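Welcome! Please take a look at the structure below, and then read on for a short tour of its charged side chains.

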Amino acid sequence: MINIKSQSLIKGTVILMVAGIITKILGFGLRMYLVRVIGDEGLGLFQMVFPIFVTASIIMTVGLPIAVSKFVARNTSKEEYNKALQVFELSLITVLFSSLIITFIFIKQAELISEILLDDKRTYYILLAISPALFFTGLASIIRGFFQGLRIMTPTAISRVIEQVARLIGTILILFKLSTAALEFKVTGVAIGVSIGEIISFIILVAIFFYYLPQIQNKGYQKVDQSKSQMLKELLKFGMPITCGKLVASLMYTLEAITIPGQLQEVGFSTTAATSFYGQLSGMVQQLIMLPTILTIALNSNLVPAISESLAADNQGNIRNQAQKSIRLTFYFGLLAAVILCLVPYQICEMLFACQEAGTILRVLASAAIFLYLAQIFSSILQGLGQPTKVVRNSIIALIIELLIIQAIVYCPSELAIPIICGAIGLRFIITAILNYLTINRQVKLNLDVYHLFIKPLIAGALVIITLPLINHSLYTMFDNRWFSLLTAMLMSSLIYLVVLIITGGISKKDWQQLVKK
């Protein structure tokens with residue numbers, strides 16, 4: 001008998017976290033390899049294309065993956081499993097048609113995008129190579145949304161790990177064949193690797209869906225009291241604001257990809273230097289900053305359907321409880337990551353990317369990173385509360401402020417350009433988090449326990465600030481191996497952080513019980 005029992009918030013989060021850790025390790029292994037094969041300029045080229053790819057995929061899915069998750073959760077909470085399947089079917093057909101159209105336009109306009117929008121002809125073949133991934137990523141996201149609505153996170157976890165493995169193997173084999181090729185063709189090989197991963201991931205998800213389908217159908221038939229057109233209208237009504245919100249986020253990266261290199265050239269940087277800096281920022285530093293989003297992404301996937309169920313039952317207490325739990329987990333683990341990245345940024349960049357100069361950028365962004373993680377969780381809470389338009393509004397406000405500051409670097413000395421750009425990005429994190437929190441509090445009073453949620457981890461974080469450099473220095477003196485010393489010091493200080501949280505009751509026995517609960 002196939003088990004389709006829903007997983008708890010913490011258990012589902014841990015499943016996705018484990019998958020996220022595996023994919024991040026594989027992803028970082030691949031990125032370390034890419035830095036040495038295509039360099040920071042090659043990474044910059046790929047990162048210029050990637051926001052265009054993400055923007056196209058957002059338009060293509062019109063917010064339906066999250067809508068599917070929310071509506072399936074609502075339907076299954078009422079035992080309306082056939083209605084949940086109809087939501088899935090309508091969404092999949094809609095995205096299939098939009099995928100065909102958007103992918104066709106993407107391919108036909110690749111030359112225009114490369115020459116006019118990105119102002120770099122080298123990106124043309126990269127755009128073409130990543131177009132198959134564009135078609136399959138939308139379809140895969142609908143299947144993931146369906147399982148997340150059922151509160152079953154294992155299919156998402158399995159598919160993401162397999163996708164990353166396929167991408168890693170495919171990219172390495174292709175780059176081996178292209179070892180003597182020009183830089184743009186090597187980067188094209190990286191894009192082909194992305195497409196390979198997306199296609200295999202989609203095949204795996206389809207297989208898992210048909211594995212679960214008989215058991216879902218056996219839940220019984222209930223009459224659907226809504227026409228397909230009404231259902232689709234309701235899905236799109238919920239999904240469109242999410243699309244706008246994601247477009248703002250994607251637009252942010254797209255505008256950064258266009259604006260930052262351009263503004264740096266305006267203040268005297270060469271094209272190569274500007275592209276290399278953007279490669280360090282987006283291809284190295286932002287990847288490190290996004291590491292703790294393993295947790296926030298996992299929480300997001302569970303939080304939207306969990307809050308949607310509570311909202312459908314008009315259970316304000318449960319909404320508050322789920323929100324507080326997710327904020328606590330995010331702050332605890334996000335703060336630890338931010339502290340470590342701030343303490344040893346140069347060593348981490350040297351170890352992973354052989355690019356110590358990226359450490360300056362990392363230290364600035366890491367100091368504001370905790371606000372990025374909180375902003376993502378607050379965004380998911382608002383989506384679960386049915387307020388995606390508020391997420392869009394807050395993101396737009398923060399983005400406008402960031403871009404205005406970046407535009408202003410032409411009036412500053414050139415040596416201040418990079419610190420100002422990094423500071424502007426960090427300020428966006430802070431503004432988005434504050435605005436999202438204030439918006440939530442207008443609808444649901446969170447009544448956050450400041451001591452439990454914030455003071456306890458800050459005390460633990462202070463101990464990390466003290467112990468990590470001491471342990472690192474002591475181990476280096478003993479073993480004369482900087483990487484062993486650094487990794488061991490990071491691990492030991494992290495354990496100290498967790499022990500302090502356990503001793504102070506920040507991480508409780510109840511948390512462990514929820515983790516192992518079937």
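## Salt bridges in this model

In this predicted model, Glu41 is partly exposed, with a relative accessibility of 22%. Its salt-bridge partner is Arg122, and the closest N and O atoms of the two are 3.1 Å apart. Glu41 belongs to helix H1 (residues 9–61), while Arg122 sits in the loop between helix H4 (110–117) and helix H5 (124–149), so this pair ties together parts that are 81 residues apart in sequence. Like other contacts of this kind, it follows a simple idea: side chains of opposite charge can pair when their charged atoms come close.

Arg122 is partly exposed, at 23% relative accessible area. Arg122 also forms a salt bridge with Asp120. Asp120 has a relative accessible area of 12%, so it counts as buried, the cut-off being under 20%.

A further pair is Arg144 with Glu163. Here the link runs between helix H5, which holds Arg144, and helix H6 (residues 154–177), which holds Glu163; the two residues are 19 apart and join distant parts of the chain. Both Arg144 and Glu163 are buried.

| Salt bridge | Closest N and O atoms |
|---|---|
| Glu41 and Arg122 | 3.1 Å |
| Asp120 and Arg122 | 2.9 Å |
| Arg144 and Glu163 | 3.4 Å |

Note on methods. Residues numbered from 1 in each chain as written. Predicted model: local features only at pLDDT ≥ 70, side-chain atom pairs only at ≥ 80, totals over all residues. Heavy atoms only, no water. Salt bridge = Lys/Arg side-chain N within 4 Å of Asp/Glu carboxyl O. Helix = DSSP H or I, 4+ residues; strand = E, 2+ residues; numbered from the N terminus. Buried < 20%, exposed > 50% of the residue type's maximum accessible area, 1.4 Å probe, protein only.
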